[in-house]
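Start with the sequence and the structure below.

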Amino acid sequence: MGKRCKVSPLRVFCVVLAAASVATIVTLWTIAFTGGEGGDVTAPWDRYRLPPGLVPLFYNITLWPRLRPRENSSLYIFTGWSTVQFECLEETNLILIHSNKLNYTKMEDGHPVRLTAEGDESAPNINAAWLQPQTQYLVIQLKGRLSPGQKYRLYAEFTGELADDLAGFYRSEYEEDGVRKVVATSQMHPTHARKTFPCFDEPAMKAVFHITLIHPPGTVALSNGMEEDHSAITIDGEALLQTKFEATEKMSTYLLAIVVSDYTYLNTTQGNIQIRIWARRKAINQGNYALNVTGPILDFFQSYYNISYPLKKSDQIALPDFYFGAMENWGLVTYRETNLLYDPETSSNSNKETTVTIIAHELAHMWFGNLVTLRWWNEVWLNEGFASYVSYLGADHAEPDWDVKDLIVLDDVHKVFAVDALASSHPLTSEENSILLPGQIMEQFDTISYSKGAAVLRMLSDFLSEPVFKQGLSSYLRYFSYGNTVGTQLWKYLQMAVKDNKVSLPHPVDVIMNPWVLQMGFPVVTIDTSTGRVSQKHFLLDPETNVTVQSPYKYKWVIPVRWMKDGYVREDIWWLNEKEALNVDMMTGPSWILANINVTGYYRVNYDLGNWERLFSQLSTNHQVIPLINRAQLVDDAFNLARAQLVPTTLALRTTSYLSQETEYMPWQSALNNLRYFELMLDRTEVYQPMQDYIRKQVTPLFLYFREVTSNWTEVPEKHTDQYNHVNALRTACRTGLSECQDLTRMWFGQWMDHPEHNLIHPNLRSAVYCSAVADGTEAEWNFAWSQFRAATVASEASKLMSALACSTETQLLDRYLSYTLNTTLIRKQDATSVITAVANNRVGHSLAWDFVREHWEYMFTEYGVGSFSFASLISGVTARFSTPEELQQLLDFVEQHKEAGFGSAALAVDQALERTEANIKWVQQNKQEVLHWFSSQTGG
């Protein structure tokens, strides 16, 4: 209960009068700025974009986070003071600067800021100042006007909450040796710098940052620049440390990073670059792998861009609480622990690949994104898609034996096809004025931006050739260094490289690329080998969908086609420029055609039934004649063409018939991904058992193959992707009821339960074994897994256990697990959506998770935040199985119930869930009996 206090009537009157005065001033100024009639009557402070008339030059910022809560309170705070120097470009008597959730200390004149002019000029006095929460501005009205060409300084003192909301300057907590520890860390991207200090918080408003951090003894402070000065100070009798950092390069506010912790580090140098990996003291040895690959990756990118790394140091830090996978803050990259730390004793090769590719993704941004920054968030795709594409190249340089470059097809191209084939998809580039609100900005960071962006840039690099692509890229980065640009400039510099190298293209680069970037979706190329007729059409998973979005290109693309005939790859690219064309070389007779070699193009391929039959014949006689990536492509294309009713469903299923002879990872993973859709749609029907029987029959030879290769499960395959397929064999065999597999996982897990301090299960196999054992086990297995999760000190091990706990087939255990997501001491806020979607992924847990989300929606919408990156995945995860009219109605009711509050960054995911559910209902109605008959016929059922 709070303390009671008396308030005098006079004081109340004064407060009311003051509020009324500010309201009157705001109204009068609104009329003054808008003219009071006609035209745009929106006041500048009600618009979400900053006016262009003031440009920041540098900031001096001092921040002091309190790592202990206030006395008799659970509130953690930080205090700070900042000066921004800015130049006036256009005469004005208004200053708008971003500010969100900051409380200001009043200056001697009663205003929250102090304005001074550089040189001999005097600054206008402040007339009024107020916070505009909706647009997140501090509004400063002046009595006079700022002069063009003159520089000014704005000084402020402020207090903010060091909350655990994972945004701005925030608090992360963890336990070490029984002691609760607090880290003050930051996530400014995309619009949270304004929650830390008043700033011009748009990507084009680049400036230099001078940072000073005040922090407790025994802690270390980090920021983008190198530590410049470190001294002991005293404030109000409290002994403290003060760390000053070298000035940053000119950069955007969203790239600022600040961390105070008691972490330690590993370090090395690469040329003249200092490389440090920071982590909890108990976890620092897990940073060795990151330390070893960072230098080679930086070297690779220096060579790839032909530009030296722009900074003196490369710090990377692992944080216990972090919403995103990682963040490319310039010189101080922040990571979720699972993505930076790798422990050979407990982490799998998948964890290792995640670490090297995410490091490569973030370091790619040091040039593309940080050195050169897109002007506005409507072109997020170019930044994130580029980093996603070249992350495979950087990882391939660090681990050349892995063939990691090929995996982009499974992990990005096939993944994004599923989303981009919906009518609710969107183009890569949006109109600049359509992306204004923080929620709209967050919505841009989706699969389309990352994965489609990566896929079309890979296609572009392929048809230009990598040397030409790199030449144009390097020129672009050099010209726009430390500045901002728009995507069309990249096409211009690539076209210059095309001209320099005399590359033959059917059209200029921008003409080829604009249809891929400025309209949603992608084509299916259909080749009729009996006539040589080749055509293209916008590919939609639901052919009955009415596409209402008009495209200036009328859903036509300029398509580069790499192809082969009877095992021989044609050297030249053939271009499909129109909706339909003739290629007489593709008339085959008894030969087979295969197009989109290695899936370098962003499109699907269909053939006449005769060519499909010849491809099936080749797969069954000698599948290795068909390139590895294309074996995965044939499966994925066929299944999706069937969903779009372009080929029979049984044709798609027949692409899996040869798998009993296949031992390679990519085709198997492609098949499992696609059969997963059949499971999601049909695992609550009579099709479930015949389908399980068929998959078990197909995977048994693979299971036996790996049993032999690994000397009865005692060794690990040598090849990286074989290690992945080793896991696929075990997981799929156990999941489909192969008793030898289930006995094996039960025995391994039982041995661990008997000796908890000795886990002999190989790290690669742990996810599969844990899930199988928990699914087949009782509450005892679940409780053991939960206790091991709570005790785990390695983040990747905790992640494996967290997923496995959702594999239970006991509804009361799944209900209990879901309830834990409401308690941040049991499940971290960053992990809550992963747990809920993992339970939804379980056929037993699907309806439980959906009921849970509906019951607790308002709490989650508030706690996870409308700008949360994982929010959209929550919606798509819990609705993935929806395939009945009843489920569609439940979803419609849910949308109607919450439409007033909206869905924030998940708005697009909600639209996609509705569209997907309608398509799923139709698919089940049209295919269920045929699929049941086919699976039964393959297993003698």
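A disulfide is called here when a pair of cysteine sulfur atoms lies within 2.5 Å. The model is predicted. By that cut-off, Cys734 and Cys741 are joined, with an S to S distance of 2.0 Å. Across the whole structure, the search finds 2 disulfides.

**Disulfide Cys734 to Cys741**

- The torsion about the S-S bond of Cys734 and Cys741 is about -95°, so this disulfide is left-handed.
- Are the two cysteines buried or exposed? Both Cys734 and Cys741 are buried.

**Disulfide Cys771 to Cys807**

- Sulfur atoms 2.0 Å apart make a disulfide of Cys771 and Cys807.
- This bond is left-handed, because the S-S torsion of Cys771 and Cys807 is about -105°.
- Where do its two ends sit? Cys771 lies in helix α19, which spans residues 763-776. Cys807 lies in the loop between α21 (795-804) and α22 (811-820). The pair therefore ties together parts that are 36 residues apart in sequence.
- Cys771 has a relative accessible area of 26%, so it is partly exposed.
- Cys807 has a relative accessibility of 16% and therefore counts as buried. The cut-off for buried is under 20%.

- Counting bonded cysteines along the chain, the disulfides follow the pattern 1-2, 3-4.
- Cys88 is in no disulfide. Its nearest cysteine sulfur belongs to Cys199, 19 Å away.
- Why does Cys88 count as buried? Its relative accessible area is 0%, and buried means under 20%.
- Cys199 is in no disulfide either. For Cys199, the nearest cysteine sulfur is that of Cys88, at 19 Å.
- Cys199 also counts as buried, because its relative accessibility is 0%.

**Nonpolar core**

- How many residues does the largest nonpolar core have? The core has 310 residues.
- Phe301, Tyr304, Tyr305 and Tyr817 are the residues with the most contacts inside this core.

Terms used. Residues numbered from 1 in each chain as written. Predicted model: local features only at pLDDT ≥ 70, side-chain atom pairs only at ≥ 80, totals over all residues. Heavy atoms only, no water. Buried < 20%, exposed > 50% of the residue type's maximum accessible area, 1.4 Å probe, protein only. Helix = DSSP H or I, 4+ residues; strand = E, 2+ residues; numbered from the N terminus. Core = buried A, V, L, I, M, F, W, Y, C linked by side-chain atoms within 4.5 Å.
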